[in-house]
Amino acid sequence: MVTGGASGIGAAAAAALAERGVVVCALDLNPEAAVAPAHGFACDVTDDTSVQHAVNAVVTRFGRLDIVVNNAGIGAQGDIAGNKDDEWHRVLDVNVVGMARVTRAALPHLRKSPSAAIVNTCSIAAWAGLPQRALYSASKGAVYALTLAMAADHVAEGIRVNAVAPGTVDTPWVGRLLDSAPDPAAERAALAARQPTGRLVQPEEVGEAVAYLATPASSATTGSILPVDGGMYGLRVRPA
Ligand code: NAD
């Protein structure tokens with residue numbers, strides 16, 4: 001089950017898991033955009049009833065649940081004074097509380113799996129000090145801490161919990177951000193240049209990392225946050 005699985009990183013994760021023989025359900029606001037072989041399921045992670053319906057529908061249809069990729073997320077721009085309360089609530093509701101809702105509904109099923117794994121989508125925003133991303137960074141800092149807490153709480157049950165922390169990934173989301181910039185080409189070049197590899201991360205590169213963490217290939221790994229960021233974290237790059 002991949003939330004936000006109909007676009008960008010979620011769609012790439014769905015494809016990478018499907019390549020490994022996993023039956024994938026993309027839970028999304030736009031389930032019709034899910035790409036086969038992923039199965040689209042309508043779900044709004046901000047609505048507990050919607051989440052429970054979607055998880056029940058997945059388990060009813062396929063009989064089991066082994067993997068949850070908590071990936072649905074939205075962005076926000078501005079410094080700490082740049083967003084009003086309703087925007088704070090909206091972003092935290094999707095990016096953080098959404099993970100709790102989905103995981104809460106999934107846990108009874110994961111406990112029955114011999115190879116249960118949860119992968120959360122974090123971000124370099126959790127630690128990089130990105131300018132003009134105060135609210136978004138706070139939400140991903142919460143995802144970082146939540147990943148470690150979840151890993152601790154469920155390790156004895158055999159449920160592994162890890163996260164990927166992408167840098168700037170060439171997804172429809174980033175495309176929309178670039179389109180709204182005064183000079184999209186210059187902005188794209190600037191985003192690429194701040195990553196040591198000198199280019200944007202491709203969604204498929206994050207999808208592969210998610211698939212690794214979600215499957216027994218990573219059976220000794222829990223409580224890890226894996227940067228997929230063109231070297232930003234490892235080489236300690238701070239954006240100007
Ligand atoms: P995207 O906009 O391309 O895809 C996000 C998907 O989530 C969409 O299909 C959307 O319909 C779905 N979604 C949004 N709100 C939802 C909700 N309430 N319920 C269910 N589904 C919902 O974005 P993306 O770039 O692929 O980002 C995916 C995740 O990766 C997010 O958590 C984001 O914070 C994280 N991330 C992205 C980047 C990047 O540079 N693109 C970097 C680091 C982390």
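Helix axes here are lines fitted to C-alpha atoms over the stretch in contact, and angles run from 0 to 180 degrees between N-to-C directions. With that in hand, α1 and helix α7 (residues 203-214) pack with their axes 7 Å apart, at an angle of about 55°. Please keep in mind that this is a predicted model.

**Where α1 meets α7**

- Angles under 35 degrees count as roughly parallel and those from 65 to 115 as roughly perpendicular, with the range between them falling under oblique; α1 and α7 are therefore oblique to each other.
- The crossing of α1 and α7 is right-handed.
- On the α1 side, the contact is made by Gly-8, Ile-9, Ala-12, Ala-13, Ala-15, Ala-16 and Leu-17.
- On the α7 side, the contact is made by Pro-203, Glu-204, Val-206, Gly-207, Glu-208, Val-210, Ala-211 and Ala-214.
- The contact of α1 with α7 has 11 nonpolar, 2 polar and 2 charged residues.

**Where α2 meets α3**

- Helix α2 (residues 48-62) and helix α3 (residues 85-110) have axes that come within 9 Å and cross at roughly 30°.
- That angle makes α2 roughly parallel to α3.
- In passing α3, α2 makes a right-handed crossing.
- From α2, the contact uses Asp-48, Val-51, Gln-52, Val-55 and Val-59, and from α3 it uses Arg-101, Val-102, Ala-105, Ala-106 and His-109.
- By class, these contact residues of α2 and α3 divide into 6 nonpolar, 2 polar and 2 charged.

**Where α3 meets α4**

- The axes of α3 and α4 cross at roughly 20° and come within 9 Å.
- With that crossing angle, α3 and α4 are therefore roughly parallel to each other.
- Their crossing is right-handed.
- Helix α3 brings Glu-87, Trp-88, Val-91, Leu-92, Asn-95, Val-96, Met-99 and Thr-103 to the contact.
- Helix α4 brings Leu-135, Tyr-136, Ser-139, Ala-142, Val-143, Leu-146 and Met-150.
- Of the residues in the contact of α3 with α4, 11 are nonpolar, 3 polar and 1 charged.

**Backbone spots to look at**

- Most residues other than glycine have a negative phi, and most peptide bonds are trans.
- The peptide bond from Ala-36 to Pro-37 is cis, with omega near 10°.
- Pro-37 sits in the loop between β2 (25-28) and β3 (39-42).
- Gln-132 is not a glycine, yet has a positive phi of about 60°.
- The loop between β5 (117-121) and α4 (134-154) is where Gln-132 is found.

Definitions and conventions
Residues numbered from 1 in each chain as written. Predicted model: local features only at pLDDT ≥ 70, side-chain atom pairs only at ≥ 80, totals over all residues. Helix = DSSP H or I, 4+ residues; strand = E, 2+ residues; numbered from the N terminus. Parallel < 35°, antiparallel > 145°, perpendicular 65-115°, else oblique. Left-handed = near helix turned anticlockwise from the far one by under 90°. Contact = placed C-beta atoms within 7 Å. Nonpolar A, V, L, I, M, F, W, Y, C, P; charged D, E, K, R; others polar.
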